Amino acid sequence: ENEKYHWYYEGRNGWWKYDERSNVDLESAYNSNETECLLLLAGTLYCVDFQNNVQFRRSDPTKRRRVKRDLPTLPSKGIAGIKII
Ligand code: V3L
């Protein structure tokens, strides 16, 4: 909450916001100049790669989604799969 930036991942026709906890972890890793951030999302381990701006499952790196860091006011589909109506 009250963050300057939010992280987004790609959906079919727009961007989803990461959940708040993931966003805090992503901001922390990004601002520490780490090259990636590992996230446990509903029991699945994901890697967010800051150099290629993608996320993927650690167990299956073939499916990649684009990610971006932008203003929190950007239009989005919702938060972590929860649609905004
Ligand atoms: N946060 C929450 N759920 C995620 C995330 C994430 N960072 N990454 C993947 N999933 P994959 P549309 C997404 C979910 O990449 O209609 C959206 O949140 C992912 O959910 O193969 O295409 C929506 O719920 C998917 O269900 O590992 O825009 C849903 O897709 C599942 O993990 C549909 O969105 C496998 O994704």
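Guide: Gladly! Two strands pair if DSSP finds at least two bridges between them. Please keep in mind that this is a predicted model.

Visitor: What makes β1 and β2 a pair?
Guide: Three bridges join strand β1 to strand β2 (residues 15–17). At least two are needed, so β1 and β2 pair. The two strands run antiparallel, and Y8 has K17 as its bridge partner in β2. Together β1 and β2 form a hairpin with four residues between them. In the turn, G14 has a positive phi of about 160°.

Visitor: How do you know that β1 pairs with β6?
Guide: The same test applies. Four bridges link β1 and β6 (residues 60–70) in the antiparallel sense, and the requirement is at least two, so they pair. One of the partners here is V67 in β6, which bridges to Y9. As for cover, four of the five residues of β1 (residues 6–10) are buried.

Visitor: Why is Q55 called buried?
Guide: Q55 has a relative accessible area of 4%. Buried means under 20%, so Q55 qualifies. Q55 sits in strand β5 (residues 54–57). Leaving aside residues up to four places away in sequence, Q55 touches several residues, among them Y9, Y46, V48, R65 and V67.

Visitor: And what makes the link between Q55 and Y18 a polar contact?
Guide: The side chains of Q55 and Y18 are joined at 2.7 Å.

Note on methods:
Residues are numbered from 1 along each chain as its sequence is written. This is a predicted model: local features need pLDDT of at least 70, side-chain atom pairs count only at pLDDT 80 or more; totals for chains, interfaces and linings use all residues. Side-chain values use heavy atoms; hydrogens and water are left out. Buried means under 20% relative accessible area, exposed over 50%, partly exposed in between (1.4 Å probe, protein chains only). A polar contact is a pair of N or O atoms within 3.5 Å; within protein, one must be able to donate a hydrogen and the other to accept it, and residues adjacent in sequence count only if both atoms are side-chain atoms. Contact means heavy atoms within 4.5 Å.
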